[in-house]
Amino acid sequence: MRRIRTRLGALGIALTAAVPLSLTAPAAATATPNGTPGAAASATAPTVEEGRLAQAAPREILRRSGFDAWQPEFARGLARVTTYQEGRRYVAREGRALWRRAVDRVQGRGPAGGDLSRDDDRPLYWARLGMTKELRAWHPGFRLSTAQRTALLGSLERGSRGQDSIELPAGKRVLRVVVTGFDPFQLDDDARRSNPSGAAALALDGTAVRTASGRWARIETAVFPVRWADFAAGTVERTLLPQLRRGPRQADLFTTISQGRPGQFDVERTNGAWRGGFPDNARESRTGTVPIPAGVPTVLPQPQWTTTGLPYARIVAADTGPYPVRDHTTVTEIPAGGGAPVVRPDGPTPGSTARAGGGGDYLSNEIAYRATLLRDAVRPSLPGGHLHTPVLEFGPSNTDPASGRITDPVFERNRAAITGQVRQIVTVAASAVAAQR
C-alpha cells in the first residue's frame, strides 16, 4: 500500500530448498512513546493497535456490525479452558470462525448484525484486536509460558486472516487463483479508515468467476497486517509457499492487492528490495533491504528487483470498471556506481540499487517483492504480481476525522465500485491465463 496522501533466468541463480516449518509467529510488540520497541514489549502487554479500541470510531464500527460481541464471548470461552492443548484448539477454532463470519457477512450470508454496510472490512480488523487483547490479558488456571501465549496469538492471527484456510481445488477443469489484501492503516490520522483491498479479499474468498473461454476460476483469499515485524518474521512466505509451489492444488495465478493512489488502479510492473521506514500500524519503522527469513526457498544472491507476471497489457486494455487502470513502471533507484536516488519512469537500469518499487517503499511494495521473489524461487513461470486500488475516500462533507461519520453513501459506493472492479480485473487476468492452457 502507499501512504495515503490525497524474470530472473536460471543461470547463476541458487535456490535454497528448505521448507519454512519454523517461521516465527506474527509479531505482537508494543512500542515506546517514540515508536520503537520497548522493554515492555511482551506477549501480555497490550499493543498499540489494541490501544486504539478505546476510540469512538472503532467502538461504533463494532457495535453497528454486531462484531462487538466477539471480544466478550471469546473471553468467556477462554475462562473455561483448562489446559494448553484445549486452548490451542479453542483459539484456532475461534480465529477461523471470525474469518468465516466476516466473509459471510460481506457476501450476504447470515445476519447483518447491524446497519453498517455488509461490504465493510473494518469489523474484522477491530474484532480481531479485541480477541488478541483478551488473549494477551488471559491468566488461566494452569502455567502458560510466554512462548505458548505467543503461539496462541499467532494461531489466532493466522486463522482470523484466512491465512491457514486457503483451500484450492484439485483438477484441471478449474483455474486456481490466490488474492491477498491488507488491514486498514494510518489509523492515528483517521481511525475510521477502511482498506478496499481487505474488503475485496472478503468479497472474493471462496467465490468463482467465469473466464472468457467459459472455464471457471476459483478464488481463495487472505489478509495481512500492516506491520514491518510480521513481514520480517515470514508471514507472507508462510502463507503463500504452499499455494505457489508445485502440486495438485497449486495456484495458477496470484495477485497481492493494496490501497494505492486516488482515482486509479495501478498494475505494478517492478518491485524493489527496499524498506522506506514509514511507521506501520504498531508505530514502528524499518529502513533497509527487505529481510528474507531463514528457511524459505529464495533466489541467491538476493535481487534488487522483481517483476510482475500479471498480464498487465490485457488488464490495462480491458473495460473493467469506472476507474482507469495504469501500467505503472516508475521506480526509484541508485544507479550502478552509486550516487543520489533517481526516479526512473521506465523501470530500473542494469546494476542499480532499489530505493522504491512501482508500489513505493512501504509494505505494499514489500508484499509484492516477497511474493514474486518466492515465485521466482519455486515456479518462475507462474503469473502473479501486485495491484494497487484507488484510495477509498469518504464523501466531501465527511472528511474531518474528529467530527465525521464512520460511513456515508459516497464512501460505500466507492468501496463497492472498487471491489467490483477488482473482481473484473481478476477475471481478465484469469482469462488470459486460461487462454494459454
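A charge sits over a ring if NZ of Lys or CZ of Arg is within 6 Å of the ring centre and within 35 degrees of the ring normal. Arg355 meets that rule: it lies over the face of Trp274, at 3.6 Å from the ring centre. This is a predicted model, where local features need pLDDT of at least 70 and side-chain atom pairs count only at pLDDT 80 or more, while totals for chains, interfaces and linings use all residues. Residues are numbered from 1 along each chain as its sequence is written, and side-chain values use heavy atoms, with hydrogens and water left out.

**Overall build**
- The chain has twelve helices and 16 strands; helices (H or I, at least four residues) and strands (E, at least two) are DSSP runs, numbered from the N terminus.
- The radius of gyration, taken over C-alpha atoms, is 21 Å, close to the 22 Å that the globule rule gives for 437 residues, so the chain is as compact as a globular protein of that length.
- The globule rule is 2.2 Å times the number of residues to the power 0.38.
- The C-alpha trace spans about 60 × 50 × 45 Å along its principal axes.

**Burial and charge**
- Buried residues make up 58% of the 437 residues; buried means under 20% relative accessible area (1.4 Å probe, protein chains only).
- There are 57 positive and 40 negative side chains. Lys and Arg count as positive, Asp and Glu as negative; His and the chain ends are not counted.
- The centres of the two sets lie 5 Å apart, with each charge placed at NZ of Lys, CZ of Arg, CG of Asp or CD of Glu.

**Aromatic pairs**
- The whole structure holds eleven aromatic pairs. Rings of Phe, Tyr and Trp (its six-membered ring) pair if their centres lie within 6.5 Å; planes under 30 degrees apart count as stacked.
- Phe74 and Tyr90 are stacked, 5.5 Å centre to centre with 10° between the planes.
- Phe74 lies in helix 3 (residues 70–79) and Tyr90 in helix 4 (residues 84–106), so this pair ties together parts 16 residues apart in sequence. Phe74 and Tyr90 are both buried.
- Phe182 and Phe231 are stacked too, because their ring centres are 6.0 Å apart and their planes are at 10°.
- Phe182 is in strand 2 (residues 174–182) and Phe231 in helix 8 (residues 228–232), so the pair ties together parts 49 residues apart in sequence.
- Phe182 is buried, at 1% relative accessible area, and Phe231 is buried at 0%.
- Ring pairs also link Phe185, Trp228, Phe278 and Tyr362 into a cluster.

**Another charge over a ring**
- Arg192 lies over the face of Phe394, at 4.0 Å from the ring centre.

Methods: Buried < 20%, exposed > 50% of the residue type's maximum accessible area, 1.4 Å probe, protein only. Phe/Tyr/Trp six-rings, centres within 6.5 Å; stacked < 30°, edge-to-face > 60°.
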